[in-house]
Amino acid sequence: MAARALWKLAKGNSSICRSITESRALLCFAVLLENGTEDIQYNSAMAVKEITAVAEQDSDLRKSAFKPNSPACKALVDQLVRIIEKEDLNLLIPCIRAIGNLARTFRVTETTMISPLGKLLDEREAEISNEAAIALAKFACNDNYLHMDHCKAIVSMGGAKHLIQLVFLGEKIVQSSALLLLCYIALHVPDSDELAQSEVLSVLEWASKQAYLNQDEKVETLLHESKSRLELYQSRGSRGFR
C-alpha cells in the first residue's frame with residue numbers, strides 16, 4: 001500500500017518527489033523491485049516512473065536525487081535495467097519510461113541501458129518497441145549533452161536496422177517514434193558506415209513522401225534536417241522504396 005500511495009503522491013509533484021528521494025526511498029524501491037510481491041513490484045515501478053518523470057523536468061531534483069555516483073541511484077538503475085533485460089511484461093513499460101526519463105543523468109561511460117532498450121526495437125509487440133524508441137530518443141536528442149555518444153552506441157548494437165524495419169513495416173503506433181529516433185541518429189552520426197550500408201538516406205527520402213509520417217511538425221523538421229545532413233556525407237542518392 002505504501003508504494004501505491006507514493007506512486008499517486010509523486011505524480012507531477014516536485015516537492016513530494018524531493019521528500020521521497022531525500023528519505024532514501026530509491027534504495028528501498030530497488031529492493032522492492034527485486035524481492036517484492038507482484039503488486040508491490042508493480043506499484044514500485046510506477047512510483048519510480050512518476051518520480052523520474054518529475055526529475056526529467058526538474059533539473060534540481062534530477063541533479064540531487066540521481067547523481068551518477070550515488071549508490072542508491074546506481075542500485076535502482078541496475079534493477080531497472082535487469083527488468084528490461086528479462087522483459088518482465090508486468091513491469092517493462094514503466095521501467096523503460098523510467099530509464100528514458102533519466103537519459104540526461106548518465107555519463108558517457110554508462111551505456112549498459114542502451115543495448116537492452118535497443119533489443120526491444122525488435123520486439124514483436126508494437127507497444128513495447130514504441131516505448132523503447134521513445135526512451136532511446138531521449139538519449140539521442142539534441143537536449144542530451146551526450147547525444148553523439150549515445151547515437152553511436154545505438155548504431156553499434158544494430159539499432160539502425162531495427163528502426164528501418166519499424167519505419168517501413170511497423171504498426172502506426174511505432175512508425176513515428178522509430179522515424180524520430182532514426183532522424184536523430186542520422187543527424188548526429190551522418191558519417192556512420194552502418195547508416196550508409198543500411199541505406200538510411202533512402203529510408204528518410206521515402207518517409208518524407210509519406211504524408212501520415214509528416215503530420216508532426218517536429219518530425220517533419222527533423223526529417224528534413226537529417227536528410228540534408230546525410231546527403232552531405234553520402235553521394236549514392238535514393239534507390240528503391242518508391
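**Figure 1. His-188 and the residues it touches.** In this predicted model, skip the neighbours within four places in sequence and His-188 is still in contact with Ala-140, Cys-141, Asn-142, His-147, Met-148 and Cys-151. His-188 belongs to helix α12. Is His-188 buried or exposed? Its relative accessible area is 10%, so His-188 is buried.

**Figure 2. Leu-187 and its own set of partners.** Leu-187 also has its place in helix α12. Here the relative accessible area is 13%, so this residue counts as buried. Which residues does Leu-187 contact, once neighbours within four places in sequence are set aside? They are Asn-142, Leu-222, Glu-225, Ser-226 and Arg-229. Asn-142 is on the list for Leu-187, and it is on the list for His-188 too. For a sense of scale, pick out Gln-57: it sits 130 residues away from Leu-187 along the chain, and the C-alpha atoms of the two are separated by 24 Å.

**Figure 3. Helix α10 and what covers it.** What lies over them? Look just past the end of α10 and you'll find Gly-158, with a positive phi of about 85°.

**Figure 4. Helices α6 and α7 side by side.** Helix α6 spans residues 71–86 and helix α7 spans residues 92–101; their axes are 9 Å apart and they pack at an angle of about 135°. The two helices are therefore oblique to each other. The crossing of α6 past α7 is left-handed. On the α6 side, the contact uses Val-77, Leu-80, Val-81, Ile-83 and Ile-84, while α7 brings Leu-92, Cys-95, Ile-96, Ala-98 and Ile-99. How many of these residues are nonpolar, polar or charged? The count is 10 nonpolar, no polar and no charged.

**Figure 5. Helices α3 and α4 side by side.** Now for another helix pair: α3 (residues 25–35) packs with α4 (residues 38–57) at an angle of about 145°, and their axes are 8 Å apart. Here, too, α3 passes α4 in a left-handed crossing. From α3 come Phe-29, Leu-32, Leu-33, Glu-34 and Asn-35, and these meet Ile-40, Gln-41, Ser-44, Ala-45, Ala-47, Val-48 and Ile-51 of α4. Sort this contact by class and you get eight nonpolar residues, three polar and one charged.

**Figure 6. Two glutamates with positive phi.** Most residues other than glycine have a negative phi. Glu-87 is not glycine, yet its phi is positive, near 55°. Find Glu-87 in the loop between α6 and α7. With a relative accessible area of 34%, Glu-87 is partly exposed. Glu-199 also has a positive phi near 55°, and its place is in the loop between α13 and α14 (200–208). What about burial? Glu-199 is buried, at a relative accessible area of 17%.

**Figure 7. The two domains.** According to the domain assignment, domain 1 covers 1–102 and domain 2 covers 133–241. How far apart do the C-alpha centres of domain 1 and domain 2 lie? The distance between those centres is 30 Å.

Methods:
Residues are numbered from 1 along each chain as its sequence is written. This is a predicted model: local features need pLDDT of at least 70, side-chain atom pairs count only at pLDDT 80 or more; totals for chains, interfaces and linings use all residues. Side-chain values use heavy atoms; hydrogens and water are left out. Axes are lines fitted to C-alpha atoms, for helices over the stretch in contact, and angles run from 0 to 180 degrees between N-to-C directions. Helices (H or I, at least four residues) and strands (E, at least two) are DSSP runs, numbered from the N terminus. Angles under 35 degrees count as roughly parallel, over 145 as roughly antiparallel, 65 to 115 as roughly perpendicular and the rest as oblique. A crossing is left-handed if the near helix is turned anticlockwise from the far one by less than a right angle, and right-handed if clockwise. Contact means heavy atoms within 4.5 Å. Ala, Val, Leu, Ile, Met, Phe, Trp, Tyr, Cys and Pro count as nonpolar, Asp, Glu, Lys and Arg as charged, and the others, Gly among them, as polar. Domain bounds come from an automatic or database domain assignment. Buried means under 20% relative accessible area, exposed over 50%, partly exposed in between (1.4 Å probe, protein chains only).
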